[in-house]
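Here is a short report on one protein chain. Keep the structure in view as you read, and look for each part as it is named.

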Amino acid sequence: GRIYAPNELPEDVRRQIPGLAIGGSVYSESPASRFLIVNGQVRHEGDQAAPEVTLEKIKLRSAVLNFRGYRFELGY
């Protein structure tokens, strides 16, 4: 499915996404070795990053998240 930039999401959806503070990340060619620090917690691909927000993929300088079926890419 389509991956949106955060500003492309419908405004009502953007307002409902919980706050996501990215504190750091580690990228690796091996997906099992990747992690993202979100709101002070270490999260891996497939983990819940915040209520109703799933961390789908960690990239070198961004992450793909899913909120209520809307996939979006957040740069950091």
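## The chain as a whole

Of the 76 residues in the protein chain, 24% are buried. The model is a predicted one. A residue counts as buried when its relative accessible area is under 20%.

The chain holds one helix and eight strands. Read from the N terminus, the elements follow the order β-α-β-β-β-β-β-β-β. The radius of gyration is 12 Å, close to the 11 Å that the globule rule gives for 76 residues, so the chain is as compact as a globular protein of that length. Its C-alpha atoms fill a box of roughly 35 × 25 × 20 Å along the principal axes.

## Surface, charge and contacts

The accessible surface of the chain is about 4,500 Å². Carbon and sulfur atoms account for 48% of that surface. The chain carries 10 positive and 9 negative side chains. The centres of these two sets lie 2 Å apart.

Now take the contacts between residues at least 6 apart in sequence. Of these, 32% join residues at least 24 apart.

Strands of a sheet pair through backbone hydrogen bonds, either parallel or antiparallel. In this chain, five strands make an open sheet in the order β1-β8-β7-β6-β5, and the pairing is mixed. β1 (3-4) and β5 (48-50) stand at the edges with a single partner strand each, so one side of each has no neighbour in the sheet.

Follow the pairs across the sheet. β1 and β8 run parallel and are joined by two bridges. Here Ile 3 has Arg 71 of β8 as its bridge partner. β8 and β7 run antiparallel, with six bridges between them. In that pair, Val 64 stands opposite Glu 73 of β8. β6 (residues 53-58) and β7 are also antiparallel, over five bridges. There, Ile 58 faces Ala 63 of β7 as its opposite residue.

## Strand β7, covered on both faces

In a regular strand the side chains alternate between the two faces of the sheet. Is each face of β7 buried or exposed? Ser 62, Val 64 and Asn 66 point one way, Ala 63, Leu 65 and Phe 67 point the other way, and all are buried. So the count for β7 (residues 62-67) is six buried residues of six.

Both strands that pair with β7 are also linked to it by hairpins. Three residues join β6 to β7. Two residues lie between β7 and β8.

## Arg 71 in strand β8

Arg 71 sits in strand β8 (residues 70-75). Its relative accessible area is 22%, so Arg 71 is partly exposed. The cut-off for buried is under 20%.

Which residues does Arg 71 touch, leaving aside neighbours within four places in sequence? The contacts are Gly 1, Arg 2, Ile 3, Tyr 4, Glu 56, Val 64, Leu 65 and Asn 66. Arg 71 and Leu 9 are 62 residues apart along the chain, yet their C-alpha atoms are separated by 9.1 Å.

## Strands β2, β3 and β4

β2 (residues 22-26) and β3 pair in the antiparallel sense over four bridges. In this pair, Gly 24 is opposite Ile 37 of β3. β3 and β4 (residues 41-43) are antiparallel too, over three bridges. Val 38 is opposite Gln 41 of β4.

The side chains of β3 (residues 35-38) alternate. Leu 36 and Val 38 point to one face and are buried.

## Two turns with positive phi

Most residues other than glycine have a negative phi. Which residue has a positive phi in the hairpin of β3 and β4? Asn 39 does, with a phi near 50°. Two residues lie between the strands of that hairpin. Asn 39 has 38% relative accessibility and therefore counts as partly exposed.

Arg 68 also has a positive phi, about 55°, and is not a glycine. Arg 68 lies in the loop between β7 and β8. At 46% relative accessibility, Arg 68 is partly exposed.

Terms used:
Residues numbered from 1 in each chain as written. Predicted model: local features only at pLDDT ≥ 70, side-chain atom pairs only at ≥ 80, totals over all residues. Heavy atoms only, no water. Buried < 20%, exposed > 50% of the residue type's maximum accessible area, 1.4 Å probe, protein only. Pairing = 2+ DSSP bridges. Rg over C-alpha atoms; globule rule 2.2 N^0.38 Å. Contact = heavy atoms within 4.5 Å. Areas by Shrake-Rupley, 256 points an atom, 1.4 Å probe, with all protein chains shown as cover. Lys, Arg positive; Asp, Glu negative; His and termini not counted. Charge placed at Lys NZ, Arg CZ, Asp CG, Glu CD.
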